[in-house]
Amino acid sequence: MKKNGVAVFLVIVLLICGVSYLALNGVGSGTFGVKSIADSMKLGLDIEGGVVVVYEAKTDATGSDLLQLMNQTKNVIVRRVNSMGLTEPNITIQGDKRIRIELPGVKNANDAISMIGKTAQLEFVLVDQKSVARSGMTKDAFVGTQILTGQEVKDSKLSFDKYNKPGVGLEFNTEGTKLFRTATESAVAYPGGKGQIAIILDDNVISAPYTSIVIGDGKAVITGNFTVEEATNLASLIRGGALPVNLDEVQTSVIGPTLGLDALKTSVNAAKIGLLLVVLFMLVFYRVPGFIASIALVLYAGVLLFIMVGFNATLTLPGVAGIVLSLGMAVDANVIIFERIKEELRNGKTLRASIDSGFSRALRTIIDSNVTTFIAAIVLFTFGEGPIKGFAVTLMIGIVTSMFTAVVVTKTLLKSSLSFKGFNSNKMYGVRGGN
Amino acid sequence: MNIVGKYKIWFGISLAVILIGLIIMATTGLNYGIDFTGGTMMQIDLGQTAPVDEVQSVIKDFNLNAEIVHAGQEKHEIIIKTKASISNDERIKILAAFVEKYKLDKDTVFRSVEQFGPSIGKEIQNKALLAILAASVCMLIYITFRFEYVYGVSAITALLHDVLVLLAVYAIFRIPVNSSFIAAILTIVGYSINDTIVVFDRVRENMRRRKKEPFMEVANNSILQTITRSLNTSLTTLVVIGSLYFLGVEQIKDFAFPLMSGVIVGTYSSIFIASPIWALWKTKKEKVQKHYSKA
């Protein structure tokens with residue numbers, strides 16, 4: 001029995017050391033290893049730096065019309081942002097009329113904002129004989145001569161070809177009709193009797209059909225692998241030549257790349273010092289159980305961070321504050337339990353009995369108080385936006401994790417620690433007399 | 001120690017603080033951040049401490065009517081705050097003016113820009129109010145289900161007390177009311193209720209054991225039995241948020257201070273407000289019941 005206790009205690013402590021080591025340093029390499037927390041945590045815009053712009057659409061449209069309009073607008077913006085070659089842009093429709101654009105890691109924020117707001121550029125380019133254009137390419141990836149631009153397009157609408165596949169039917173104005181005929185004549189004169197005409201939107205090739213006939217009626221069809229919806233969107237985009245609605249900038253946040261990292265660094269340092277102070281406090285006030293609670297607290301910090309990585313949660317500044325706050329509150333369950341144990345000891349129960357009844361009596365309190373806090377966190381998550389949502393997620397994960405570490409882990413450690421000589425006196429639990 | 005018996009003192013202190021807060025809010029108002037009022041805030045690293053007059057002269061051509069504040073550990077950064085929103089093109093020009101004046105590197109000077117339209121503030125405010133109400137109702141339901149509605153209403157009253165006191169803290173200390181304000185308030189809502197529930201849990205337990213004892217005494221004994229726990233938990237929480245406050249950067253400080261005040265207020269209300277309300281109500285209810293059973 002005694003030996004068992006010692007073994008259990010040591011195994012758990014070793015496991016906790018392992019988790020902490022993993023969290024700090026990671027292990028292995030490549031796809032099979034576990035990355036350290038610092039390497040794998042997704043950082044929020046307020047830490048990593050970048051741009052957040054929220055636009056509001058100026059329109060009277062409602063219901064499904066509005067929804068369609070917003071989706072079209074979003075598509076235009078997505079295409080433009082993608083053409084800037086940014087990593088992980090996040091573009092979402094917020095409420096009914098707003099679009100939120102998050103561009104992490106953008107250095108030149110002002111240029112990026114100008115780019116989002118500019119008008120769509122439609123171009124037709126006759127591809128050079130020695131070059132080939134494919135959809136998805138950028139303009140500089142092949143050689144060609146511009147035939148005409150969106151200015152020469154009179155109308156564009158959804159159309160179907162003879163196989164009933166959706167495409168975008170275009171109608172040019174007089175000038176455009178002339179230019180397009182000349183271009184198709186040149187294309188047909190290419191060796192093999194056909195040449196390629198690339199259709200480019202915002203510097204990206206959206207389709208690059210070959211033509212083997214001269215088109216003189218001022219009409220053209222863009223085909224590609226479109227769905228009906230995509231073709232409709234594209235048609236409206238070309239028709240408008242720009243965003244389908246006017247956008248008002250209602251909120252802009254630009255965070256320089258160093259500001260957030262400074263904040264993170266100081267916060268992490270603060271968290272370390274705070275953690276140390278809590279450990280000291282627990283040691284002085286609760287001795288042996290305080291020591292055990294401190295071990296559980298370290299485990300709590302490690303597990304919390306791993307769960308956040310696992311859930312792919314984004315670490316924001318309020319999130320950091322949430323983690324730090326939860327470190328202080330994580331010992332709460334232990335404080336409740338230890339106070340109960342002390343009470344039981346003062347009532348003259350033996351240590352083992354006090355631990356048992358202390359835990360079972362404290363458990364109900366802990367559950368009630370944590371469930372109410374959890375309800376607050378859910379509300380926070382439901383009504384919050386952006387960083388506040390992040391904060392709520394940390395709070396929820398924190399509550400569940402701390403319940404586990406404070407109740408299950410401390411209990412096991414506490415009971416097994418009774419096997420150690422000298423750990424099992426009332427004095428070591430901060431209670432005078434007894435035994 | 002008779003805490004519950006002295007309820008008039010505690011209620012008086014709380015009412016006084018809330019009243020002072022309300023008066024300040026009514027006269028000078030809260031110190032709203034630009035995310036509430038609308039406007040622009042630009043933070044630029046100049047690499048040196050520039051006098052406010054000098055900064056004003058750099059931007060005087062733009063007619064911004066701006067407020068200039070220094071920031072950063074060595075005060076090398078300036079924050080330009082305006083009520084009006086500055087267009088993107090204009091922001092580029094302003095930045096260029098500083099780059100030229102102080103010979104800066106275009107890519108590194110820029111610390112942050114925040115810009116909000118005037119409509120956002122009202123929305124945030126409404127959302128905060130809605131969130132507090134929703135949270136209160138949900139928690140009230142849970143507490144009524146687990147305890148009894150007298151506990152629930154007392155706990156929620158203590159909670160609203162905390163929100164009001166926290167508002168007073170924002171008013172008195174001129175803390176900017178910005179988007180993290182909601183997070184701070186709701187965190188406190190969660191913390192405070194947690195604290196109150198622990199005391200109420202003990203009250204419920206003592207009620208089962210000592211059926212004859214007056215409510216005031218049950219409440220007082222329960223508070224005394226749980227007070228070490230309340231103070232210790234508050235202390236550990238304060239210690240960590242305190243280190244965040246004393247070591248942290250500007251943005252975190254604005255968040256940490258209300259949290260610190262909230263933890264203190266939450267602890268205070270769970271000891272001095274929630275249980276006395278419960279005891280007074282129960283006593284009153286019992287008297288009414290006796291009165292009717294006699295008649």
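I looked up how E7(A) and strand E8 (residues 166-172) of chain A pair, and found the antiparallel sense over seven bridges. Strands are DSSP runs of E, at least two residues, and helices are runs of H or I, at least four, numbered from the N terminus. Two strands pair if DSSP finds at least two bridges between them. Asp155(A) stands opposite Glu171(A) in E8(A).

**Ground rules.** I am working on a predicted model: local features need pLDDT of at least 70, side-chain atom pairs count only at pLDDT 80 or more, and totals for chains, interfaces and linings use all residues. Residues are numbered from 1 along each chain as its sequence is written, chains are lettered from A and ligands numbered from 1 in the order written, and side-chain values use heavy atoms, without hydrogens and water.

**The sheet.** I traced an open sheet of three strands, in the order E7-E8-E12 (chain A), with antiparallel pairing. Strand E7 (153-160) and strand E12 (219-222) of chain A are its edges, each pairing on one side only.

**The interface.** Next I checked where chain B meets chain A. The contact (heavy atoms within 4.5 Å) takes 66 residues from chain B and 61 residues from chain A. I noted six salt bridges between the two chains. A salt bridge is a side-chain nitrogen of Lys or Arg within 4 Å of a carboxyl oxygen of Asp or Glu. Arg204(B) forms one with Asp368(A), and their closest N and O atoms are 3.0 Å apart. Which helix gives the largest share of the side of chain B that touches chain A? H7(B) does, with 17 residues.
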